[in-house]
Amino acid sequence: MTRVLDLATIPGDGIGVEVVAEALAVLKAAVGPDVEVTTTEYPFGAEHFLATGEILGDDDLATLAQHEAILFGAVGGDPRDPRLAGGIIERGLLLKLRFAFDHYVNLRPTKLYPSVTSPLADPGEVDFVIVREGTEGPYVGNGGVIRQGTPHEIATEVSINTAYGVERVVKHAFELAEKRGKKVTLVHKTNVLTHAGSTWSRLVSAEASNHPDVVWDYLHVDAATIFLVTDPARFDVIVTDNLFGDILTDLAGAISGGIGLAASGNVNPEGAFPSMFEPVHGSAPDIAGQQKADPTAAILSAALLLDHVGLPEAAARVTEAVSADLAERGSATRTTSEVGAAIAQRVAAAAPTH
Ligand SMILES: NC(=O)C1=CN([C@@H]2O[C@H](COP(=O)(O)OP(=O)(O)OC[C@H]3O[C@@H](n4cnc5c(N)ncnc54)[C@H](O)[C@@H]3O)[C@@H](O)[C@H]2O)C=CC1
Ligand SMILES: CC(C)CC(=O)C(=O)O
Ligand SMILES: [Mg+2]
């Protein structure tokens with residue numbers, strides 16, 4: 001019987017549209033004839049909002065929830081446009097999806113492929129995963145502004161860290177480390193953010209006692225930025241909060257060959273909701289519409305999706321094709337479509353045909 005993989009796609013804005021087209025073509029080429037991929041494209045994003053006034057309603061969430069997984073591009077428009085002020089799209093669409101679908105594991109693997117040049121002189125073996133908490137922290141919108149517009153204006157942005165939320169993501173990080181290099185690094189700022197820091201430290205220490213073969217250590221986030229540049233090979237699994245994870249994963253992308261290679265998954269491990277896979281990067285208005293975006297991050301995100309939905313062989317075909325393509329491309333400049341087509345061709349050649 002043919003397995004049906006029913007996907008929602010949300011290409012979004014800017015280069016999101018360009019890279020999702022390539023990722024979807026690669027995904028379809030990877031699965032082989034035993035899997036039927038059905039896709040429904042949703043128009044959400046800044047452009048859609050400006051045209052219709054709609055961002056993402058509860059009825060849209062109910063519709064999206066019917067799909068097995070979501071392939072997401074990137075959202076965000078012209079930052080100078082006052083109609084998009086306050087991250088109305090980033091919050092009202094992307095974060096709303098992550099929160100509503102309980103994507104508490106924001107999985108961001110970093111791997112320096114052998115043929116890829118890192119800006120670091122001697123990076124060593126770079127292969128780690130940042131497990132970023134995805135539903136809490138300062139991203140929940142808890143705060144406000146009083147005395148706005150006066151010299152006495154006060155703005156607050158309160159970071160929410162629940163024991164429930166921290167414990168489950170920490171547990172996931174340790175379980176991942178069990179399958180990898182058996183090391184977890186908690187990154188926080190416990191010397192200053194002492195309230196949230198003590199919750200994270202206590203729950204990491206408690207979970208560590210369930211994993212005697214996993215070593216764990218701790219770094220303040222500022223020091224973590226040093227070691228990501230001077231000694232990235234020391235990391236296996238980093239667990240951290242929503243904000244620190246956001247920042248560190250752009251840095252992780254930069255040291256491993258560029259943000260155009262950095263993939264991610266917004267995962268609900270229990271499968272209560274569809275998980276959503278997206279490149280780490282944004283809509284890149286500076287290069288949008290010019291076929292300059294590297295679609296590899298979106299393609300590797302599609303591989304994470306395939307793995308998540310129980311198609312690990314298809315996922316491996318994608319990562320192997322990416323690895324081979326990276327080895328071949330060297331410093332040649334290719335368009336978004338050329339990179340996508342080259343990877344899709346390799347994947348198709350490796351996929352079963354019966
Ligand atoms: N997940 C999402 O939808 C995200 C959305 N954003 C939004 O995207 C917009 C732009 O944000 P920025 O801070 O400029 O971050 P960005 O990630 O879009 O771009 C940062 C820099 O990286 C380059 N870049 C990004 N992706 C690339 C790719 N695939 N290939 C080659 N170069 C690439 C861009 O050209 C730019 O110079 C904003 O509206 C922001 O809020 C930002 C991050 C994530
Ligand atoms: C635009 C933000 C909401 C998201 C972001 O930068 C990220 O998830 O990496
Ligand atoms: Mg980010």
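**Questions on a predicted model**

User: Is Arg 132 buried or exposed?
Analyst: Arg 132 has 28 C-beta neighbours inside 10 Å. A residue is buried if 20 or more other C-beta atoms, placed from the backbone, lie within 10 Å of its own, exposed if 12 or fewer, and partly exposed in between. By that count, Arg 132 is therefore buried.

User: What is the mean pLDDT of the chain?
Analyst: This is a predicted model, in which local features need pLDDT of at least 70, side-chain atom pairs count only at pLDDT 80 or more, and totals for chains, interfaces and linings use all residues. Numbering starts from 1 along each chain as its sequence is written, while chains are lettered from A and ligands numbered from 1 in the order in which they are written. The predictor's confidence in each residue, pLDDT, runs from 0 to 100. Here 100% of residues reach 70 or more, and the mean is 97.

User: Which residues does UniProt list for "binding site"?
Analyst: The record is an unreviewed entry, and such annotations may be inferred rather than shown by experiment; its positions are given in the numbering used here, with feature names shortened. The entry lists Arg 98, Arg 108, Arg 132 and Asp 222.

User: Which strand holds Arg 108?
Analyst: Arg 108 is buried, because 25 C-beta neighbours lie inside 10 Å. Its contacts (C-beta atoms within 7 Å, placed from the backbone) beyond four places in sequence include Arg 132, Thr 249 and Ser 264. Arg 132 sits in strand E5 (residues 127-133), and among the residues it touches are Arg 108, Asp 246 and Thr 249. Strands (E, at least two residues) and helices (H or I, at least four) are DSSP runs numbered from the N terminus; the one with Arg 108 is E4 (residues 105-111).

User: Which helix gives the largest share of the side of domain 1 that touches domain 2?
Analyst: An automatic or database assignment sets the domain bounds, giving domain 1 (1-103 + 262-354) and domain 2 (118-256). Between them, 10 residues of domain 1 are in contact with 9 of domain 2. On the domain 1 side, 4 residues, the largest share, come from helix H4 (residues 88-100).

User: What radius of gyration does the chain have?
Analyst: Taken over C-alpha atoms, the radius is compared with a globule rule of 2.2 Å times the number of residues to the power 0.38. For 354 residues, a compact globule would come out near 20 Å, and the chain agrees because its radius of gyration is 20 Å.

User: How far apart are the C-alpha atoms of Leu 24 and Gly 53?
Analyst: Leu 24 lies in helix H1 and counts as buried because it has 22 C-beta neighbours inside 10 Å. Leu 24 and Gly 53 are 29 residues apart along the chain, and their C-alpha atoms are separated by 28 Å.

Methods:
Two residues are in contact if their C-beta atoms, placed from the backbone, lie within 7 Å.
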